[in-house]
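I opened my notebook for a structure I had not looked at before. Here is what I looked up, entry by entry.

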Amino acid sequence: MIKARFDTEALTRVRFAVSPMLELIRSVTSLRDPAGRALHLPWAEEARRATSDLDLSALVALQSSDFYNPDFVNPPPSSPLVEFEDELAVMVATPAAQIRREVERAYDGGLPPVLAPFVHDPRRAIDELAELMRTYWSRCLETHWPRIRALLEHDVLYRARRIADGGTDRLFADLDPGVRWREGVLSLECGESDTLLDLDERGLLLLPSAFVWPKTSFVTAPPWQPTLIYPARGIGMLWSPERHPPPDALARLVGRTRAQLLTALDSPRSTLELAGALGISSGGVSQHLSVLRDAGLVSGRRVQRAVLYLRSADGDALVRATGGRDSDGAGADAGTQPAGLSGRS
């Protein structure tokens with residue numbers, strides 16, 4: 001079991017982030033894992049067809065060590081929501097000596113032949129890896145990213161609300177069955193012996209993911225700050241068809257279009273996304289959102305260049321009271337298979 005002990009400063013430095021590169025890396029693992037393929041079956045079938053002509057062996061080998069996976073493949077996110085190309089640029093800029101050192105560390109004495117170029121010609125190998133990852137992203141994840149990102153952002157906003165409602169106790173209460181919070185110590189079931197970590201001024205990074213299920217990982221090795229990577233809420237519904245039929249009672253109360261908007265806002269969405277999903281103009285969406293926001297039923301939050309809207313607690317209560325879905329009930333059960341202390345699983 002890993003136990004992370006928080007002091008006062010560490011508690012003030014808990015933050016969240018979303019990483020497209022992490023989702024890419026974990027999605028490749030999901031394609032090879034029966035449980036992951038089952039959870040993401042519609043996507044996995046499509047992705048396997050789309051990558052039938054790609055050689056993913058180097059990318060797979062870089063994530064297959066028993067005790068450490070090279071960090072340059074997935075650099076720590078530098079901000080709450082980074083773009084895929086930005087993370088890719090950070091990876092490509094990794095010094096050759098670091099690439100060689102991390103690959104040799106992962107496979108000390110038993111380097112797979114497919115990874116030999118990362119030792120003998122790191123610059124060329126990293127450029128070829130970046131091109132492979134870019135192709136994989138465009139074929140398998142780019143069109144799905146708005147939906148995946150919305151799921152992850154919904155998890156972040158949900159947990160921010162949990163902190164506001166009940167502090168750290170509520171933040172960790174339903175994060176994962178293997179994660180427990182008690183008297184300033186965060187415990188994660190892992191291995192047979194106990195390890196105690198004192199979190200310093202770096203605090204803790206919480207990183208929700210769609211593709212880590214059923215694993216929860218605790219990363220402590222530099223260059224990462226202490227990081228908990230966990231399955232986002234609602235991943236079991238990620239690939240379900242998007243339908244937002246409003247309850248009749250809600251439609252009679254606020255009008256069908258506003259009822260559709262309220263029902264759709266069980267996850268964060270931009271005006272453009274809502275317009276596409278509901279088949280109405282962006283201007284019309286903005287007008288209805290303005291009314292709903294003035295009534296306290298939705299809230300908006302700027303994330304980079306977009307404003308994301310989400311039902312408020314009052315909006316949730318109204319949808320439930322009129323026969324709609326409870327946004328807090330969309331979670332999926334997730335088991336726990338934590339990573340070790342050195343690198344990621």
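**Entry 1: a strand and its partners**

I started with a bridge: arginine 15 has leucine 205, in E6, as its partner. This is a predicted model, where local features need pLDDT of at least 70, side-chain atom pairs count only at pLDDT 80 or more, and totals for chains, interfaces and linings use all residues. Residues are numbered from 1 along each chain as its sequence is written, and side-chain values use heavy atoms, with hydrogens and water left out.

I noted how elements get their names: helices (H or I, at least four residues) and strands (E, at least two) are DSSP runs, numbered from the N terminus. Strands pair if DSSP finds at least two bridges between them. Strand E2 (residues 14–16) pairs with E6 over three bridges, in the parallel sense. E6 also runs parallel to strand E8 (residues 227–231), joined by five bridges, and there leucine 206 is opposite leucine 228.

Is E6 mostly covered or uncovered? I found it mostly covered: six of six residues in E6 (204–209) are buried, meaning under 20% relative accessible area with a 1.4 Å probe and protein chains only; exposed is over 50%, and partly exposed lies in between. Leu204, Leu206 and Pro208 point one way, Leu205, Leu207 and Ser209 the other, and all are buried.

**Entry 2: the sheet around E6**

I traced the order E2-E6-E8-E7, an open sheet of four strands with mixed pairing. E2 and strand E7 (217–219) are at the edges with a single partner strand each, so one side of each has no neighbour in the sheet. On average, neighbouring strands here are turned by 20° against each other, direction ignored. E7 and E8 run antiparallel, joined by three bridges, and valine 219 stands opposite threonine 227 in E8.

Which strands does helix H2 touch? H2 (residues 20–32) packs on the sheet against E6, E7 and E8, with its direction at about 55° to that of E6. Helix H10 (residues 145–173) packs on the sheet too, touching E2, E6 and E8, and makes about 135° with the direction of E6. For these I used contact as heavy atoms within 4.5 Å; axes are lines fitted to C-alpha atoms, for helices over the stretch in contact, with angles from 0 to 180 degrees between N-to-C directions.

**Entry 3: another sheet**

I also traced an open sheet of four strands in the order E3-E4-E1-E5, with mixed pairing. Strand E3 (179–182) and strand E5 (195–198) each have a single partner strand, so one side of each is left without a neighbour in the sheet. Strand E1 (residues 2–5) runs antiparallel to strand E4 (residues 185–188) over four bridges, with lysine 3 opposite serine 187.

**Entry 4: rings**

I searched the whole structure and got five aromatic pairs. Rings of Phe, Tyr and Trp (its six-membered ring) pair if their centres lie within 6.5 Å; planes under 30 degrees apart are stacked, over 60 edge-to-face, the rest tilted. Phenylalanine 84 and tryptophan 137 are stacked, 4.4 Å centre to centre with 5° between the planes. This pair links distant parts of the chain, helix H6 (residues 84–92) and helix H9 (residues 122–141), 53 residues apart. Both residues, phenylalanine 84 and tryptophan 137, are buried.
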